[in-house]
Each structure stands twice: as C-alpha cells, then as structure tokens.
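Thanks for making the time. I will go through the domains, the contacts between them, and then the core. Please have the structure open while I talk.

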Amino acid sequence: MSVTVLRKPSAFRKKLNKIWTYLSKPQNFILLMLGIILTVTTVYPMVTILKDTVSVHPGTVDAAEDAKSAQFEVLGDDYTTFNWTDLFTGVNITRHGRQRIELSVAKTYLWTPLLNSVLISIFACVGSILYGGIFAYLVTRTNLKLKKYLSSIFIFPYIMPQWTLAIIWRNLFFSNAVTGGSDGLFASVLGVNMPQWWCEGLFPVSVVLALHYAPFAYILIGGIFRNMDANLEEAATILNTPRWKTFLRVTLPLVKPAILSTILLVFSSAMGSYPIPHYLGLSTLSTQYVGMRIDRVGEASILAVIMMLFGFLILIVNQKTTSGRKNFTTVTGKSGQSSLVNLGVGKYILSTVFVLTTLFSGILPIILFAIETFLPNPGDYSFLTNGIAGHLTTKWWLTAENVSENGIYGQFGILYNSDIWRAFGGTMIVAVCCALVAGTIGTLVGYCVSKNRRSKWAGYVNNVAFLPYLMPSLAVGIAFFVVGSNLGIFNTFLLLILAGTVKYIPFASRSSLNSMMQLSGEIEEAAIIQDIPWWRRMVQIIIPIQKSSIISGYLLPFMTCLRELTLFMLLCRQDLIITTLMDYFDEMGLYAFSSGINLILIVVILVCNTLVNKLTGASLDAGIGGK
Amino acid sequence: MKKLLALALVFVLTMSLLPIAMADESVADIIAQAQTMTNEELYKKAIEESKGKTFNAVGNSSRGKSVLPLFIEELQKIDPSYTLEFSWQQPKNNNIFAQLDADVNSANHEISMTLIQDGNQIQSKMLDTGYLLNFVPKEWAEAEDVAKENNENPLALQTLNKVFMFNNLGDKTYTNMWDFVADGEAPLFMGVNSEPVGKNFLYMMTSEKYSNWAKEAYEAWDGKNEEYDALIEDMKLDVKDLGLTAENANYGLTWVLLWCDQYNQETDDGPICNTLVTKSAAGQTGLLVYSKLRSIEETAESSVNNITVAAYQDGYTGIGGYAYKHYVMLTKTSPLPWTACALIAFMTTTSEGFYAWGKDMGGYAPVAACMQDHSQDGYVDGVNTYDAKNDRGYDWWLNDGQLVVEDPAYCASVSGKMSAWIDGIVAGK
C-alpha cells in the first residue's frame with residue numbers, strides 16, 4: 001500500500017502559482033504586456049529628451065561654453081549643465097538701441113514664448129468650446145434648420161491640416177498698408193485693411209486654433225447632448241423652472257465631463273501647435289524650439305521638457321476631475337422622450353449665421369485651394385479684375401518636365417510629380433499602420449482595464465496609454481526625434497508609425513474603455529461557463545457588440561494621421577509623407593502645390609469617412625448631426 | 001574547446017566590426033581615388049555602382065532635382081541601359097543639419113551627398129565632426145580660369161547673391177543702403193533663424209570691411225540726422241559688450257539693429273518675390289535671392305518691371321546685397337560614393353552639370369567654362385524688356401554692387417554673443 005505524502009508548498013511555489021493563476025486570465029496577461037510596452041514607448045523617449053538637455057551638442061553654444069568654462073566641467077566632456085543655467089539665468093543682454101530695453105536670455109527664449117503658448121491654449125479652449133458647444137446644442141437639442149448640411153461642413157476644419165486655415169487667413173486679411181507686402185483679398189477686392197492685431201499674433205492664432213478644434217468640442221459635447229436624458233430637463237420644465245436656469249443647473253452639469261475633456265485635449269493640442277503660430281507670426285514654445293535648433297539645441301530640448309510637464313499637469317487635472325465611469329464621453333442613459341427646443345424665427349437666423357461661419361471655415365478654403373492651383377503666380381488673382389484669359393493656367397497640374405523654366409520653380413506639375421504621389425503613398429502606409437496598431441492596442445487596453453477596474457496596475461496602464469495624447473504633439477515629436485536619431489531609425493516609416501501609434505492609442509483606448517464599461521460582465525461570463533476560448537469570445541461576442549466604438553478607435557487615428565504635421569515634422573525628410581511635403585510647399589510659397597494636395601487629402605478623408613460610415617455606421621460626426 | 005570558442009568569438013567580433021571600420025575608411029578612400037580620375041572614369045565607376053539603384057541627396061537648393069535627369073542622360077551616353085531613381089530634397093528651417101546628423105548616425109544610411117550652405121554651421125557641425133567629406137574633382141583642380149580661392153575646401157558649387165530690390169510703383173526712392181532701414185520701412189526678409197545665412201550676413205556687417213562701407217554710406221545718406229548720429233554713438237556700448245573689434249563696427253551694428261527691428265519676416269524668398277512684383281506692393285522693399293525673378297509669369301497684376309534692383313541704379317550708395325556659397329560634399333557614410341563623386345564632378349566642371357543653376361542670373365560658378373552670360377536675360381526679341389533680369393555678373397556684383405561676402409571664420413568668432421543679441425531684438429519687436 002502506497003502512502004502519498006502531501007507536502008506544504010513553499011512560499012516561492014505559492015507565489016509562482018498565484019502569478020500563474022493571475023496571468024492565466026488573458027486580460028491580466030495582456031495588461032501586463034501592454035503595461036511594459038507602453039512604459040517603454042512612452043517613458044523612454046521622455047528620459048531621452050531629458051538626457052538631451054544636459055548633452056553637449058557640437059557646433060552649438062553649449063559646446064562652446066562647456067569647452068571654455070570650468071564651471072560646467074562637473075559632468076564631463078559629453079554632458080553639461082550650461083543649457084539649464086543659461087536658459088533660466090542667462091546673462092542679461094542690454095540693447096542700446098532707441099529704447100534701451102533690457103532683455104534676458106530667459107525672456108527671449110522662454111518666458112515670452114511660454115506666456116504666448118499658455119494664452120493661445122486658453123483662448124483656443126474657450127473659443128472651441130463656445131463655438132463647438134453652442135453648435136452642438138443647437139444641432140442636437142433645437143429645431144435648427146439645415147442640421148445635416150451644417151453638421152457635415154462643421155467638421156471640415158478638423159479634417160484639413162490645421163495650418164491651411166492660417167494660410168487662408170493671411171491670403172484674406174494681409175495688406176500692403178498694415179502687414180507690408182501685397183494686398184490680400186479683403187484689401188484688394190473690398191479695399192478694407194484689417195488692423196495689425198487682427199492679421200498677426202495672438203488673436204488670429206487663437207481664432208484659427210479655436211476654429212480648428214471646435215469640431216472636436218462639437219463631437220464630444222454633441223455626443224452627450226444627443227444621449228442626454230430629456231426627462232431631467234422636462235422635470236425642471238414641469239416644476240416651472242425658467243429655461244436659462246434649467247440650462248445652467250441641469251443641462252450644463254451634464255455636459256461638464258465633455259467640456260472638461262475638450263479643455264484638456266484642446267489645451268495640450270494648441271500648446272504643441274507649430275504651424276499656425278509660425279504662419280501667423282507669434283513666438284510660442286513650438287516656434288521657439290524650431291528656431292533654437294541652430295545653436296541652442298540643448299536649450300530647445302528644455303522647452304520640450306516644459307511642454308511635457310504641461311502634459312503631466314493636464315493628466316493630474318484629468319485624474320482629479322474625472323474618475324471611473326465619469327470619464328469623458330459619459331453617457332447618462334437614453335431617454336425615449338427627447339424633445340427639441342423650438343427656436344422660432346431664430347432657427348432661420350442661427351442657421352444663416354452658421355452657414356456663413358462654416359462658409360468661411362469650411363467652404364471658402366476649399367474654393368480658394370481650387371482656385372490657387374490655376375493662378376499664374378502664387379496669390380496672383382489678376383483674373384478677378386482682368387478676366388480668365390491669360391490669367392489662369394493649368395501649369396501647376398500638367399507640367400511634365402522640370403528642366404526648362406516653366407515658372408514653377410523646377411517642379412513637376414502635381415499630376416506628374418512623383419514626390420507628391422510617393423509621399424501620398426507614405427502617408428497611407430503610416431496612417432493604416434498607426435490605425436491598425438493603435439486601434440488594436442487601444443481596444444485591448446479598454447477591454448483589459450474594464451475587466452480590472454479596481455486594479456492599480458490597470459489604472460497605471462490606462463494613464464500611461466493616455467498620457468501621450470495630453471502631451472503637446474511637438475514634445476512627443478521631439479522625444480521620438482531624439483530616440484530615432486539615437487537608434488538610427490530617423491526618416492523611417494517605423495519611427496513615424498511608432499510615434500503615431502503611441503500618440504493615438506488614447507483615441508482607441510478611450511473609445512474602447514467607454515464602450516466596454518457599458519458592457520455587462522454577464523455576457524462574457526456566459527461564454528466562459530461554456531468554456532469558449534478568449535479569442536472566440538472577443539471575435540464573436542465582444543467586438544460585434546461594440547463594433548461601432550471599436551471601429552471609431554481605428555478610424556480616428558487613421559484620419560488624424562492623414563493630416564498630422566507637428567508630430568511628424570521632425571521625424572522624417574519632407575517627402576516621406578504628404579503633410580511634411582505640403583508644409584514645404586507652403587514655406588516655399590508654392591501654394592498651388594499645397595492647395596492641390598490639400599484638396600486631394602480632403603477628398604480622401606471624406607471618401608474614407610463615408611465608406612466606413614456606410615459599412616459600419618461609425619464616422620466622425622455620426623450620431624450627432626441631426627441623424 | 002575553450003580556445004576554440006574564444007577564437008570563434010574573436011572572429012565573430014572582428015567580422016562584425018570590420019564593416020564599420022571599412023565603411024568609415026571606404027568613402028574617404030574612394031574620394032582619394034576619385035580625385036585622381038577624369039570625369040569619364042568617374043562616370044564609369046558611377047554606372048558600375050548605382051545602376052538601377054536609388055540615389056538620395058539633400059540640398060539647400062531645389063535645383064538639384066533638375067540636374068539629376070541630365071546626369072543620368074550623361075551616363076546613358078556611356079551605358080544606354082543605365083537607370084537611376086533619385087530623391088533630392090530641400091529641407092527647410094535649418095533641418096538639413098539635423099537630417100545629415102541623423103543620417104550619418106543612423107544604421108540605415110540613405111544620403112549620399114549634400115549641397116549645403118551656411119559656412120558657420122558647416123564648419124562646426126559637419127567638418128569638425130567629420131560628418132561631411134570634401135571632394136575636389138581632377139578636372140576642377142586642373143581647369144583653366146578657375147577661382148580657387150575660398151572655393152576649394154570645402155568645394156563651392158557656386159556663389160549666390162541676395163540683393164536689395166524694391167517695388168518701383170510707389171513714390172519712394174532707395175538710393176542708399178540706409179534707405180532700407182529708415183523710419184517706417186519694413187523690408188521683406190527670411191527669418192534669421194529660418195535661413196541662417198541671413199544671420200551670417202548680419203554678423204558680417206560688423207566686420208572691418210563692411211562696417212567701413214556702412215559708415216561711408218551713412219556719411220553720404222540724405223536721411224542722416226542727429227537722432228541717427230546719437231544712436232550710432234550709443235551703439236559703441238553694444239560693440240564693446242559684443243566683443244566686436246572693427247573700428248567702425250558701431251555703424252554696421254546700428255544698421256543691423258535697425259534692420260532686425262524693422263524687417264518683415266517671410267518664410268522664403270519665393271513668397272517675397274511673388275509679393276514684391278505685384279501692383280499692390282507699391283513701395284515695398286526686400287532682400288532676396290536674385291534668381292527668384294526667373295519664375296515670375298507676367299500678368300496684369302504681377303510684373304518683373306514692377307521691381308528695381310537697388311544696386312543697378314546710378315548713384316546708389318552702399319551694399320547691394322550679400323553673397324553666400326553652396327558647397328557640395330559627401331557624407332562620410334555615403335551609400336553611393338562613386339556616384340556622388342561623379343555627380344559632383346558633373347555639376348562643378350561642365351556647363352551641362354551646372355546648367356540647372358547657370359541657366360539663370362544670380363548664381364556664379366568658380367569654373368568660368370560653366371558660366372553662362374545673363375547680361376541680356378531681360379531682352380525679348382532683342383529689346384530690353386525686363387531690365388531687372390539683366391545680370392551684371394559676379395565681378396560687377398562683388399566690386400560695384402558691393403556684396404557682403406560670408407566669411408565662416410568671422411561669423412563663428414562673433415556668433416556666440418551676436419546670435420542672442422539679434423534674437424532678442426527680433427523677439428522684442
């Protein structure tokens with residue numbers, strides 16, 4: 001007779017078993033893996049850029065100062081404290097000009113750009129929320145006219161690369177008398193010279209950013225307005241509460257999460273915007289960073305670190321103001337009794353107002369882009385006063401060689417320009433890959449976090465996945481530029497896809513998390529009882545149920561990648577993707593090329609959006625615009 | 001067994017390091033060999049090396065894109081089946097240095113050669129670090145009538161000029177360099193941190209030779225007054241703070257101060273030119289690349305005749321603009337070094353190779369045989385129709401036109417302090 005002796009397992013064995021049990025659940029294993037991957041891809045670039053702030057850069061001021069001053073020798077030949085010291089406490093430079101103004105290094109390179117960056121971010125938030133929020137309310141909760149048309153047109157500025165509106169602004173409002181140079185359309189056609197503050201600086205930058213991000217506010221706030229339980233407002237009405245009070249006490253608190261999420265996202269996006277301040281003449285952290293890369297590379301990296309600190313700050317604010325199910329696109333439950341506010345005659349007036357404003361922000365740019373591609377010289381609108389003959393040309397489209405002088409600065413026409421089409425292909429590769437990777441990882445993050453709501457690790461993964469989106473794009477771009485240069489993958493699709501994926505995972509993770517939270521655990525549990533493997537539960541149950549949200553998680557990174565410049569501008573040479581090439585043409589003043597590309601880009605985005613909408617029901621403004 | 005393992009390890013290590021050592025030496029070796037070869041021999045080497053491959057280059061001039069098809073045609077005369085895909089890019093905002101740096105330090109080297117400007121940065125960031133290597137073609141070194149001084153190391157493809165122009169439809173006249181910085185003027189100019197050769201020009205204005213020119217022009221200026229006198233006197237303090245040593249540096253520095261305070265920043269010379277030629281830009285001024293005039297299409301609104309090149313006027317006093325150079329060099333990690341050498345030889349020693357630059361005014365090759373005459377570019381059917389396009393040539397510009405010529409050594413010596421001084425003024429506008 002044999003005797004089986006049961007030995008007490010060792011503490012190590014117990015721990016191992018515990019880990020094994022924990023990891024045998026797919027959501028836990030995936031969460032662990034994602035946590036590690038996201039930590040590396042998010043934190044490593046930040047550490048790298050921090051290191052860059054104390055590195056010596058050959059041919060720049062830190063190398064010169066480090067070499068001649070014993071003060072900075074403590075860190076050795078390759079590292080220096082000069083950049084930090086100089087940027088914050090740099091010796092004052094006195095300008096003995098007409099006004100004898102005292103200037104310091106810190107004021108020139110840091111404080112003034114920082115103040116401008118913060119101001120444009122605040123104004124962009126206020127502007128986008130007011131414009132986008134009011135529009136969202138009118139479209140979802142009133143009997144405004146032309147809802148479907150306005151809803152479609154309203155998101156155009158978000159589809160277009162952001163600096164195109166800045167170029168339009170210049171073309172419209174610049175004048176010889178005020179800004180110098182030639183007259184824009186307003187001055188030449190209407191004879192109106194807009195004042196300097198209107199043409200360049202804080203005001204136009206804020207307005208253009210607000211217009212660009214208003215669709216963002218519209219989509220986020222509109223989603224809540226649409227799903228809001230009308231019973232709450234109706235109860236207030238029954239209790240004879242004035243309409244304004246109902247709005248302030250009932251409606252506004254309900255959309256507060258969406259307003260907060262708009263503020264957080266727009267603030268960081270506006271702060272990291274490079275092209276709009278660049279074209280409209282405002283010194284911000286982003287423009288200063290680019291300018292300082294000539295001889296103050298290390299100090300420029302400090303600006304990037306400061307932008308990143310804002311990202312952290314926003315993350316903390318986000319944590320404080322939202323939690324659990326209150327996160328972002330919170331749905332408070334659907335009411336079958338949604339009633340529309342009757343605007344009376346206001347429905348015509350307000351729709352006219354929005355037709356006009358969207359005409360400026362959505363339709364006019366497209367018309368001007370189209371016209372620009374047929375002008376004989378960039379910005380030369382001779383045909384308006386002298387007729388079409390001899391004052392319009394197809395050379396920007398049809399020139400098939402670049403040896404003889406054709407008045408297009410040695411370029412091939414758009415249809416024959418292999419750079420343009422190759423860059424377009426590059427953009428599609430980056431956008432598709434980013435969408436697939438970011439969409440998949442984001443969906444998994446959403447799924448795993450929803451399954452481990454109380455886990456601290458899940459909270460960490462959720463935050464680390466969301467952090468890059470709260471970082472200004474330029475800061476993320478700078479971090480990946482430094483990483484890419486160190487790893488030898490500069491100007492590769494790999495680097496762009498890596499940066500794009502990390503930056504856009506939040507689109508998918510937020511969308512996925514919100515939808516997964518709404519999903520009852522019983523649905524999956526029923527499948528678990530029947531011993532259905534995890535992948536089949538995902539493919540056959542979870543994904544089909546939340547198809548629309550998950551596809552949105554793929555669609556948003558795709559759309560955003562198509563028109564992204566700031567994130568990618570430092571990571572590749574200009575002809576790898578279409579937005580960097582467009583920016584190059586704009587810088588060169590070859591607006592016909594950039595306008596033509598813009599038109600093509602807008603068409604592609606609209607076609608993709610429509611296609612996905614038809615196939616899956618998901619779309620950028622689906623479910624809001626009066627549908 | 002252990003010995004065998006150790007030997008194998010040493011072998012593997014040696015083999016893995018060998019390509020790195022070879023790669024570093026091979027480009028320099030190839031250059032050394034290439035410098036002894038004729039153009040035709042180089043072309044044959046290029047065919048051998050790059051047939052059917054892709055050639056990548058970056059340059060501060062977009063015209064490199066135009067020369068590559070001609071280069072391929074030249075090679076096809078030797079081997080009709082020769083093909084070459086190419087990418088020629090013109091990075092903006094000083095990105096060319098970052099791109100070269102990144103490419104040289106990348107595991108995947110793509111850039112074979114560069115056409116680059118800004119002597120100041122080239123010296124400190126590219127030559128001192130060994131990232132770029134100089135190649136002087138045999139036929140260039142042995143050519144007749146070649147201006148070798150300041151053009152050989154690094155090898156200059158051309159000297160370019162940026163010149164003062166103004167729209168002549170207004171009532172204003174600009175007959176002195178100080179007119180461009182007089183009260184109320186806002187000359188169009190590329191941002192100093194967008195194109196650093198502009199900043200180099202400003203540094204050069206404080207050197208002995210050019211600050212003397214600034215003083216002479218000021219003395220002859222009809223806008224001279226007590227206020228400017230006081231300002232010039234006051235600037236002696238800045239001269240001292242900035243460590244400038246030229247006797248009349250305060251004149252040059254005053255001009256720089258006024259220029260920085262007043263210039264109207266544009267993203268490129270292209271938009272400046274497109275603006276200046278229009279009717280509505282009456283009375284506007286600019287400092288821009290002369291050759292940009294080539295691409296203007298005559299319309300009711302825009303005309304080259306709306307432009308006057310300031311230095312072409314009789315009685316104009318002071319500098320007419322500034323000159324800087326385009327250098328051609330190989331990256332030390334050039335993946336196609338023979339092709340790069342052959343292309344550089346083609347560009348710098350033949351009129352076909354220089355055609356992309358030589359066909360228009362404003363670019364001057366060191367080898368006289370490469371140059372074309374542009375003194376009558378503004379003639380249409382024998383009639384002088386667009387006078388601004390009639391280029392008076394390199395010698396005229398250097399002497400009569402009083403171009404300020406970039407000196408990398410001087411720029412490097414003053415840029416440390418002057419750069420922040422200029423940035424401060426521009427930021428404080």
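Chain B comes with a domain assignment of two parts: domain 1 covers 2-157 + 326-370, and domain 2 covers 159-324 + 388-427. Keep in mind that this is a predicted model. The C-alpha centres of domain 1 and domain 2 of chain B are 33 Å apart. Where they touch, domain 1 of chain B contributes 16 residues and domain 2 of chain B contributes 20 residues. On the domain 1 side of chain B, two or more residues each come from α5 (119-127) and β11 (363-364) of chain B. α5(B) gives the most to that side, with five residues. By class, the domain 1 side of chain B has three nonpolar, eleven polar and two charged residues.

Now chain A. The assignment here divides the chain into domain 1 (26-103), domain 2 (110-157 + 201-372) and domain 3 (417-627). How many residues of domain 1 of chain A are in contact with domain 3 of chain A? There are 16 from domain 1, and they meet 24 residues of domain 3. The domain 1 side of that contact in chain A divides into nine nonpolar, six polar and one charged.

Still in chain A, look at two helices, α20 (residues 418-451) and α23 (residues 493-517). Their axes are 5 Å apart, and the helices pack at an angle of about 40 degrees. The crossing of α20(A) past α23(A) is right-handed. The contact between α20(A) and α23(A) has 20 nonpolar and nine polar residues, and no charged ones.

Next, the contact between the chains. Chain A puts in 56 residues and chain B puts in 69 residues. Elements of chain A that each supply at least two residues to its side include α3 (61-68), α15 (285-292) and α27 (578-587). The largest share of the chain A side comes from α5(A), with three residues. That side of chain A divides into 18 nonpolar, 28 polar and ten charged residues.

Last, the core. The largest nonpolar core has 303 residues, and those touching the most other members include V208(A), C434(A), I478(A), M329(B) and C341(B). Which helix gives the most to this core? Helix α11 of chain A, residues 202-227, does, with 16 residues. As for I478(A), setting aside neighbours within four places in sequence, its contacts are I49(A), Y289(A), S301(A), A304(A) and L570(A). A304(A) is itself among the core residues that touch the most other members.

Technical notes
Residues are numbered from 1 along each chain as its sequence is written. Chains are lettered from A and ligands numbered from 1 in the order in which they are written. This is a predicted model: local features need pLDDT of at least 70, side-chain atom pairs count only at pLDDT 80 or more; totals for chains, interfaces and linings use all residues. Two residues are in contact if their C-beta atoms, placed from the backbone, lie within 7 Å. Helices (H or I, at least four residues) and strands (E, at least two) are DSSP runs, numbered from the N terminus. Ala, Val, Leu, Ile, Met, Phe, Trp, Tyr, Cys and Pro count as nonpolar, Asp, Glu, Lys and Arg as charged, and the others, Gly among them, as polar. A nonpolar core is a set of buried Ala, Val, Leu, Ile, Met, Phe, Trp, Tyr and Cys residues joined through C-beta atoms within 7 Å. A residue is buried if 20 or more other C-beta atoms lie within 10 Å of its own, exposed if 12 or fewer, and partly exposed in between; C-beta atoms are placed from the backbone. Domain bounds come from an automatic or database domain assignment. Axes are lines fitted to C-alpha atoms, for helices over the stretch in contact, and angles run from 0 to 180 degrees between N-to-C directions. A crossing is left-handed if the near helix is turned anticlockwise from the far one by less than a right angle, and right-handed if clockwise.
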